[in-house]
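I opened this notebook page to keep track of what I looked up, one entry at a time, while going through the structure. The entries are in the order in which I made them.

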Amino acid sequence: MRTARRYLAREIYRSTSVVLIALLGLFTFFTLVDELDTVGDKFPLAALFYLQVLSIPTRLYDLLPIGVLIGAILALSSLAQRNELVILRVSGVSGFGLLKMLWTVSLPIIFGALVLSEFLTPIAEIKSSETNLLMRGKVEGGRLASGYWFKEPIAQGGTRIINVGNLLSSGNVANLRVYEYPDGLTLSLVAQSEGGRFSDGKLVMQKVTENHIAPSIEQTLSDAKVSKTPSVTVTHSAERSFDTSLTAERLVARILTPERMSLLALHDYIDYLNRNQLQADRQVVAIWRKLAYPFTLLVMLTIAAPISFMQTRRGGVGAKVFLGILLGTGFFMINQLALNVSLLYNWSPIVTALLPNIGAMILALSAVFTMENRNAIANRNRTRSFWKKSPI
């Protein structure tokens, strides 16, 4: 059986590699054509090619499940056409035994997917964001028209709000605004800075203009009288620093899609959001979806098994591949729909990540069981039909 497993693995790996290369080339070409109108003096063609190269790990991560499905269908269908699956069955390998071999074959693919998910994709996404900042001066993820907003607690139960206007490719920030509320409700300080940097748990601001608001300003405004003490005091300083839980890594995490981050970075960012009483549902769902990703690959191989086992008079490889593409696309759409619906109705992240996979796995295993026992099922139905028609 070891020889059969190695032969099966070689066929699946070869077919999956060909499918993934074709899909990567197709999607990269369409994206490249779509982005050609952005090429100019500040954004040369070489930068566009560089960004497309950086997007390959992310695109591969997205296409891997459908690539595994189509590759497995192609490989198993070719074996069925050459009657090699029949030889395996005659040698004593059952349908579920063959399915176990497929699951064993998937282990290197799952390991490669984990390396891709935890190392290559986050690094490529960060490099892509830095290149966009350097060449285009902007990134799209998580940015409002006024920039990026963060909230964190300060001493005595107060609140600090940090507004970052622009991110720089060096990891520094520009166009900073800081608002402090000592009691959580009353504004006491508005600080503006041309730029800043993160260093040892501190945010260091350069060329700072501070507006200190007197506690009595509310009473002064309500009385509509000129106060003897100034309501706002403006000071200028070359540099000012304060302790913050915000770091350059957490700032970068804001601009990345949660599924593109590593599990450690996601856990750190969720901890930051929870400590600052910010919503982290999207990130929690992303963690569960990343944990369920290896299971998704197993589901794809399980779906491929009954499709490939179907015997047709003239091969029918094209029909099987088309059916596999439809099933894979439908499964992907259901996964995305579950994500959006869960965020809308606050479903449990575990349900969101596992329910589509478990449902698809049950259907695929049921199909394998039906095909494995179709003769027994047909005989049982024939017996029931005979006794129903019998006059006795």
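**Entry 1: the chain as a whole**

I note before anything else that I am working from a predicted model. I looked up the secondary structure and found twelve helices and six strands in the chain. The chain has 392 residues, and 42% of them count as buried. I then asked what share of the contacts with a separation of 6 or more is made by residues 24 or more positions apart. The value I wrote down is 64%.

**Entry 2: the nonpolar cores**

I turned next to the largest nonpolar core, which has 30 residues, and looked up which of them touch the most other members; these are Leu64, Leu69, Leu297 and Ile303. The elements that give two or more residues to this core are helix 1 (2-35), helix 3 (56-81), helix 5 (95-135), helix 9 (281-309), helix 10 (317-345) and helix 11 (349-372). Helix 3 provides the largest share of this core, with nine residues. Apart from this core I found another, of 29 residues, and its members include Leu246, Tyr269, Tyr272 and Ala286. As a reminder to myself, nonpolar side chains in soluble globular proteins tend to be buried together.

**Entry 3: helix 3 against helix 5**

How do helix 3 and helix 5 run relative to each other, roughly parallel or roughly antiparallel? I found that their axes come within 9 Å and cross at roughly 165°. Because angles over 145 degrees count as roughly antiparallel, I recorded helix 3 and helix 5 as roughly antiparallel to each other. I noted the crossing of these two helices as right-handed.

For the contact itself, I listed Pro57, Thr58, Leu60, Tyr61, Leu64, Val68 and Leu76 from helix 3, which meet Leu102, Ile109, Ala113, Leu116, Ser117, Leu120, Thr121, Ala124 and Glu125 from helix 5. Sorted by type, the residues of this contact are twelve nonpolar, three polar and one charged.

**Entry 4: helix 1 against helix 5**

I repeated the look-up for helix 1 and helix 5, whose axes come within 10 Å and cross at roughly 55°. Helix 1 and helix 5 are therefore oblique to each other, and helix 1 passes helix 5 in a right-handed crossing. On the helix 1 side the contact is made by Ala4, Arg5, Leu8, Ala9, Ile12 and Tyr13, and on the helix 5 side by Leu98, Met101, Leu102, Thr104, Val105, Pro108 and Ile109. The residues of this contact divide into eleven nonpolar, one polar and one charged.

**Entry 5: Ile70**

Is Ile70 buried or exposed? I located Ile70 in helix 3 and read a relative accessibility of 9%; because buried means under 20%, Ile70 counts as buried. Not counting residues up to four places away in sequence, Ile70 touches Val19, Val321 and Ile325. I also noted that Ile70 and Thr16, 54 residues apart in sequence, are 7.1 Å apart in space, C-alpha to C-alpha.

**Entry 6: Arg275**

Arg275 is found in helix 8 (residues 263-275), and I recorded it as partly exposed, with a relative accessible area of 42%. Leaving aside neighbours within four places in sequence, Arg275 is in contact with Pro153, Ser245 and Arg250. Its C-alpha atom is separated by 7.9 Å from that of Glu152, a residue 123 positions apart from Arg275 along the chain.

**Entry 7: two residues with positive phi**

Most residues other than glycine have a negative phi. With that in mind I looked up Asp200, whose phi is near 55°, a positive value. Asp200 is found in the loop between strand 4 (189-199) and strand 5 (202-213), and at 77% relative accessibility Asp200 counts as exposed.

I then looked up Lys207, for which phi is near 55°, again a positive value in a residue other than glycine. Lys207 is found in strand 5, and I recorded Lys207 as exposed, with a relative accessible area of 55%.

Terms used
Residues are numbered from 1 along each chain as its sequence is written. This is a predicted model: local features need pLDDT of at least 70, side-chain atom pairs count only at pLDDT 80 or more; totals for chains, interfaces and linings use all residues. Side-chain values use heavy atoms; hydrogens and water are left out. A nonpolar core is a set of buried Ala, Val, Leu, Ile, Met, Phe, Trp, Tyr and Cys residues joined through side-chain atoms within 4.5 Å. Buried means under 20% relative accessible area, exposed over 50%, partly exposed in between (1.4 Å probe, protein chains only). Helices (H or I, at least four residues) and strands (E, at least two) are DSSP runs, numbered from the N terminus. Axes are lines fitted to C-alpha atoms, for helices over the stretch in contact, and angles run from 0 to 180 degrees between N-to-C directions. Angles under 35 degrees count as roughly parallel, over 145 as roughly antiparallel, 65 to 115 as roughly perpendicular and the rest as oblique. A crossing is left-handed if the near helix is turned anticlockwise from the far one by less than a right angle, and right-handed if clockwise. Contact means heavy atoms within 4.5 Å. Ala, Val, Leu, Ile, Met, Phe, Trp, Tyr, Cys and Pro count as nonpolar, Asp, Glu, Lys and Arg as charged, and the others, Gly among them, as polar.
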